[in-house]
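Reader: Could you walk me through how the terms used for this model are decided?

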Amino acid sequence: MQIPADSVADYISKIPEERQEVFKKLFDTVNDNLPKGFQEGVSYGMIGWNVPLETYPAGYHCTSGSALPFMGLASQKNFIAFYHMGMYAHPELLDWFVAEYPKHSKRKLDMGKSCVRFKKPEDIPFELIAEVSKKMTVEDWISIYESQLKK
């Protein structure tokens with residue numbers, strides 16, 4: 001479910017009212033902990049943080065002329081989704097996250113390749129999201145991304 005929006009504030013305003021406060025807290029948690037250099041915005045029907053073209057002119061190989069995606073948040077019909085492309089591309093970070101998750105949540109981890117799904121807002125492990133948000137710089141992400149492209 002994509003939410004058409006022109007800005008982060010516009011996106012959040014279109015989320016069901018009962019979810020807005022926790023979604024804003026999750027947004028702030030990521031935004032306040034990401035290393036400098038990532039650019040927030042709305043793309044792919046969700047809120048995202050990208051490596052801007054000014055920093056990485058090659059951009060995203062799948063969409064010519066677009067910034068390199070890194071993290072995202074989406075309000076879906078039955079859950080809030082947290083996307084972290086670094087966990088998808090860097091097995092050590094994924095292993096760390098999976099090992100840490102039970103220390104921060106009583107719920108079973110509901111995760112796809114780069115997507116963590118939170119069905120109940122009260123179960124979002126904000127401290128863990130803050131920690132994982134700090135773990136990869138723009139330079140780290142570009143290096144990992146390029147190494148994956150060469151495979």
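Author: Gladly! Let's start with helices H4 and H5, which are roughly antiparallel to each other. This is a predicted model, where local features need pLDDT of at least 70, side-chain atom pairs count only at pLDDT 80 or more, and totals for chains, interfaces and linings use all residues. Residues are numbered from 1 along each chain as its sequence is written, and side-chain values use heavy atoms, with hydrogens and water left out.

Reader: Why are H4 and H5 called roughly antiparallel?

Author: The axes of H4 (residues 91–104) and H5 (residues 126–134) cross at roughly 160° and come within 10 Å. Angles over 145 degrees count as roughly antiparallel, under 35 as roughly parallel, 65 to 115 as roughly perpendicular and the rest as oblique. H4 and H5 are therefore roughly antiparallel. The axes are lines fitted to C-alpha atoms, for helices over the stretch in contact, and angles run from 0 to 180 degrees between N-to-C directions. Helices themselves are DSSP runs (H or I, at least four residues), as are strands (E, at least two), numbered from the N terminus.

Reader: Which residues of H4 and H5 meet?

Author: From H4 come Leu93, Trp96, Phe97, Glu100, Tyr101 and His104, and from H5 Glu127, Leu128, Ile129, Glu131 and Val132; contact means heavy atoms within 4.5 Å. By class, this contact has seven nonpolar, one polar and three charged residues. Ala, Val, Leu, Ile, Met, Phe, Trp, Tyr, Cys and Pro count as nonpolar, Asp, Glu, Lys and Arg as charged, and the others, Gly among them, as polar.

Reader: How do you know what class of residue lines the largest pocket?

Author: Sorted by class, the lining has 14 nonpolar, six polar and no charged residues. Strand E3 (68–75) is among the elements that each supply at least two lining residues, and E3 gives the most, with five.
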